Amino acid sequence: MCGRYYADDDTIREIARLVGEIGKTGTEAGDILPSRQAAVITGLGHPLAAARMAWGFLKFDGKGLVINARAESALEKRSFRESVLHRRCVIPARGFYEWNKEKEKFTFERPDRDVLFMAGCFCPFDGQDRFVILTTAANPSVSPVHSRMPLILERDELTAWVRDDTAAARLLEKAPVML
């Protein structure tokens with residue numbers, strides 16, 4: 001699971017490198033919490049585009065948010081299927097936080113890069129695009145703290161994730177890099 005992540009100045013510069021111009025995406029450094037607006041990368045521009053979206057799909061009963069979707073079952077779930085098939089996005093971050101059973105907070109970052117890219121999907125709700133982060137089984141770097149982690153993409157997989165349906169289906173099954 002991923003319940004909070006953060007962006008820093010390197011994250012913002014990387015978004016600008018990927019999309020050319022960030023524009024008014026509301027991209028700023030700091031912690032990103034569920035329901036807050038954040039910058040995501042979509043395939044809605046050329047080559048890619050940044051957009052500002054709220055984190056979390058509204059639950060059907062209107063009470064609360066769904067902030068994550070299991071990558072291995074997202075295509076089977078009515079709540080996520082169309083979004084994963086047609087509205088994929090990338091959530092750039094410096095890192096994310098997880099809490100263990102003792103409620104101790106751990107920070108996870110890539111040791112080899114300044115930015116990590118989390119796979120996601122988005123959907124319009126009441127005239128506003130909202131996104132969720134896709135999660136997968138935790139690898140050995142995260143599993144001592146939590147059983148789930150974000151599905152991490154490599155920089156050279158971003159365009160394929162947001163634009164190529166065949167590649168996206170394959171990427172849903174990938175094992176994340178060690179953090």
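Visitor: What kind of model is it?
Guide: It's a predicted model, where local features need pLDDT of at least 70, side-chain atom pairs count only at pLDDT 80 or more, and totals for chains, interfaces and linings use all residues. Residues are numbered from 1 along each chain as its sequence is written, and side-chain values use heavy atoms, with hydrogens and water left out.

Visitor: How many helices and strands does the protein chain have?
Guide: Four helices and 14 strands. Those are DSSP runs numbered from the N terminus: H or I of at least four residues for helices, E of at least two for strands.

Visitor: And how much of the protein chain counts as buried?
Guide: 49% of its 179 residues. Buried means under 20% relative accessible area, with a 1.4 Å probe and protein chains only.

Visitor: OK, new topic. Which residues of helix α1 are buried?
Guide: In α1 (residues 9-19), they are Thr 11, Ile 12, Glu 14, Ile 15, Leu 18 and Val 19. They sit on the same side of α1, because their arc around the axis is only 160°, taken from the directions from the helix axis to the C-beta atoms.

Visitor: What covers them?
Guide: The cover includes β1, β3 (37-42), β4 (49-55), β8 (88-93), β11 (116-125) and α3 (158-163). Contact here means heavy atoms within 4.5 Å.

Visitor: Tell me about β8. How many of its residues are buried?
Guide: Six of six. Arg 88, Val 90 and Pro 92 point one way, while Cys 89, Ile 91 and Ala 93 point the other. In a regular strand, side chains alternate between the two faces of the sheet.

Visitor: Which strands does β8 pair with?
Guide: β3 is one of them, antiparallel through two bridges, with Ile 41 partnered by Val 90 in β8. β11 is another, also antiparallel, over six bridges; there Ile 91 has Met 118 as its bridge partner. Two strands pair if DSSP finds at least two bridges between them.

Visitor: What about the open sheet, in what order do its four strands come?
Guide: β2-β1-β9-β10, with antiparallel pairing. β2 (30-32) and β10 (105-109) are at the edges, each with a single partner strand, so one side of each has no neighbour in the sheet.

Visitor: How many bridges join β1 to β2?
Guide: Three, with β1 covering residues 5-7. Tyr 5 has Ile 32 in β2 as its bridge partner.

Notes: Buried means under 20% relative accessible area, exposed over 50%, partly exposed in between (1.4 Å probe, protein chains only).
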